[in-house]
Amino acid sequence: MLDLLGSLQRSHMCGALRASDAGQTVTLMGWVNRRRDLGNLVFVDLRDRTGIVQIVFDKEADPKLHEKAGNLRAEYVIAVIGRVKLRDAAVVNKNLPTGEIEIVAQELRLLNDSRTPPFSPADEEISNEELRLKYRYIDMRRPQMQSNIALRSRVALAIRNQLTRRGFLEIETPFMTRSTPEGARDYLVPSRVSPGSFYALPQSPQLFKQILMISGFDKYFQIVRCFRDEDLRADRQPEFTQIDLEMSFPRQEQVFEVVEGFLAAAFREAGIELKPPFPRMKYDDAIRQYGSDKPDMRLPEMTDVRQCFAEENLNALTLDPGLPVVAVRIPKVGELSRKERDDNKQLVSVKPGAKLIDDLKRLEKNFPEAVAKLRSACDAGSEDLVVLVGGAPSPEHSEKSRRKAVEAVYVSAGAARLALAQKYKERHKAFERTGSASDYRFLWVTDFPMFEYDDKEGRWNAAHHPFTSPHEEDFDKLLSDPGAVRALAYDVVLNGTELGSGSIRIHRQDIQKKIFNALGMSDEEARSRFGFFLEALEYGTPPHGGIALGLDRIVMILAGADSLREVIPFPKTAKAVDLMVDAPTPVSADQLKELGIAVTKSGDLVIG
C-alpha cells in the first residue's frame, strides 16, 4: 500500500550531505537506486538529481521498518526521515561525495512504486540508443544525463547574465512567420483561417532581429528555438537552440568581444578559464594553411612545398607545376606497413582534379633532394607521417578554373589532414584532454567569400545569407566579378567545429538591391519574398551586425559528449522521430478537413 506525502517536506538533497551534517535529523526524498539485503540490515541507495546517499534500515532497531524496506525495488519513490551518522573508516565510500556518512532510517514512506524499467539508471552505459529515447524519462534519471542537463542550464544562465550586464535586451521573436526559403527546408504550418496558406517555423530570427535594430533596440539577444527540415547527424537536430544577438553601430571587433565574453562565462561553468581574445584568421589563409574554413588548430598547419621540387619532378609525378603541392604532417605516427598505406588511400577522399601521394619513402628514392627540402619546410621528424596533395594536369586555363583547381588541392589536403589525424589520434595525442584551457583552441575566421558559384544552376548563391554586407572596397565588383567579393562575415570555430556564424549586415537599400541582382533575383521576386524587410530598410536603418551560436553544440563540447542527443532533454532520432511520444503521426480526417487539406493514398497532400 502506498503512503501519503501529507505535510512532509524535504529538508536536504541527497547529494548535499557531508560529514559535517553528522547528528542531524533529515528528511530526504527520491528514487531507490539500489537495494541490498544483508539479513539484519537493508541498505538502500537513495538518488535525486544532486547525487546518491546510503540509507540503513536496522532490523534490531525497528523490525517493521526493516520489513517495509525489504519490499522496496529499483525506481520506487520514497521519503525517508533519519539521522545522519558517520561511517566507520573501513567502510567509507571514496567514490561518492556522500561516502563518509549514511542515514539511519527512522521513518519510511512509499510514495509510489514502479514497474521494472527497461534499463537501470544506475547503469553507466546503455548501448541501445532507441530504447533510451523511447524511455527518455528513465534515461534522464541517469547521473550523466542529469549532469549534462544541469550544465546546460548553468551555461544558458551564465550567457544570459553576461549579455544582460552588457546592456542587451532579451526580446522574443515569432515562431510562426512567413516562408523565405534560403538554405535548409522550412517546417510549414497550415493556416486554418487562410486555407491554402502556410506559416513557416523560423530557421533563425534573422530578419526579425534586423528589424529590431531598425526599431531602435540597439542591443538584442535571445536564447531561441529554431527549426530546419534537413537530414540529421550527431551534431544536428531538426529543432535546436541558438544564442542569437544583434547590435547597432558595431565594428566587427565589438561583436567578437561580446561573444568572447559570454563564451568565457559559459566555459567557466564547466571549470575552464578561457583567455580571450581569440586568434583571427582570414578565410583565404584558413583554406591555404588548413584546407578548411573551420580549422582544427590542435594539429600542425599544412605547407605548400611546390618550390621544393623542380618542374621536371612535378611532371614526372603527373602534378600540375602551376598548382600548389601541399604537405600534410601528422606527428608521431611512426612506421606504416604497406597495408596501412593502402588503407589510408581508401580513407582519404580527394576532390576531382587533386592527387594524393602517400609514400614518401618511395618518393625519397627518386627525388632525395626534394624530399629533404620538404621535410625541412614542414618541420617533419622521423616519426611523423607526411603525405602530399597536388593538382592533376588540366587542359583548362581560365582564371575561374584555376581558382577551382587551387581550392580542390587545399580542401583535399585539409580533408586528408583531418582523416589521418583522427585515425592516428592514439599516437599523436593532439586530441587528448588535459582539463585545461589549452584543450580548447578557438579561432575567428573572417572575410569569407560573398558568393559561391553553383555549377548545376549556373548562378551565384549567397555564401552566408543575402543580408550580409560586402567589404566597402568590393562594392564595385558586385556585378562585374562576384567571385572576388569579400563578405563582412565571420565564424567562431573551436577545435574544428563551427560554433557560430555572423556578419555585419546590409543597412542600405541600394546595396541590398545590388546583392539580389547579383544573385539573379529580379526586383519583383525580391519584393515578393522580402518586401516587408526591404520596405523597413527605407526608414532610417542603422548599421548593424550580429551572430548566432549553437547552444546545444557548446554544451555537447563542454560535457565531453559525442552527440547533441546527450545534452538535449527530448531529442529526435536520425529520422527526425520522437520515439517517446511517437511523433510525427497522422492526424484525424476532421482536423485535415478544417485546414482544407486532404492526404491521398500515395501520401500526397491536396490543398483546397
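Tutor: Let's begin with strands: two strands pair if DSSP finds at least two bridges between them. Helices (H or I, at least four residues) and strands (E, at least two) are DSSP runs, numbered from the N terminus. One caution: this is a predicted model, where local features need pLDDT of at least 70, side-chain atom pairs count only at pLDDT 80 or more, and totals for chains, interfaces and linings use all residues. Residues are numbered from 1 along each chain as its sequence is written, and side-chain values use heavy atoms, with hydrogens and water left out.

Student: What makes β2 and β3 a pair?

Tutor: DSSP needs at least two bridges, and β2 and β3 have eight, in the antiparallel sense. Within that pairing, Leu-46 stands opposite Val-53 in β3. A hairpin of two residues joins β2 to β3.

Student: What about β1 and β2?

Tutor: β1 and β2 pair over six bridges, also antiparallel, and Arg-36 stands opposite Phe-43 in β2. Their hairpin has three residues between the strands, and Gly-39 there takes a positive phi near 90 degrees.

Student: How do you know that β2 is mostly covered?

Tutor: Buried means under 20% relative accessible area (over 50% is exposed, in between is partly exposed; 1.4 Å probe, protein chains only). Seven of the eight residues of β2 are buried.

Student: Why is the Phe-267 and Phe-442 pair called edge-to-face?

Tutor: Rings of Phe, Tyr and Trp (its six-membered ring) pair if their centres lie within 6.5 Å; planes under 30 degrees apart are stacked, over 60 edge-to-face, the rest tilted. By this rule there are 14 aromatic pairs. The centres of Phe-267 and Phe-442 are 5.4 Å apart with planes at 70 degrees, so the pair is edge-to-face. Phe-267 lies in helix α6 (residues 252-268) and Phe-442 in strand β16 (residues 442-446), so the pair ties together parts 175 residues apart in sequence. Both Phe-267 and Phe-442 are buried.

Student: And what makes the pair of Tyr-283 and Phe-448 tilted?

Tutor: Their centres are 5.3 Å apart and their planes at 40 degrees, so this pair counts as tilted. Tyr-283 is in helix α7 (residues 283-290) and Phe-448 in the loop between β16 and β17 (451-454), 165 residues apart. Tyr-283 has a relative accessible area of 13%, so Tyr-283 is buried; Phe-448, at 11%, is buried too.

Student: How do you know that the charged end of Lys-134 sits over the ring of Tyr-135?

Tutor: The rule wants NZ of Lys or CZ of Arg within 6 Å of the ring centre and within 35 degrees of the ring normal. The charged end of Lys-134 sits over the ring of Tyr-135, 5.7 Å from its centre.
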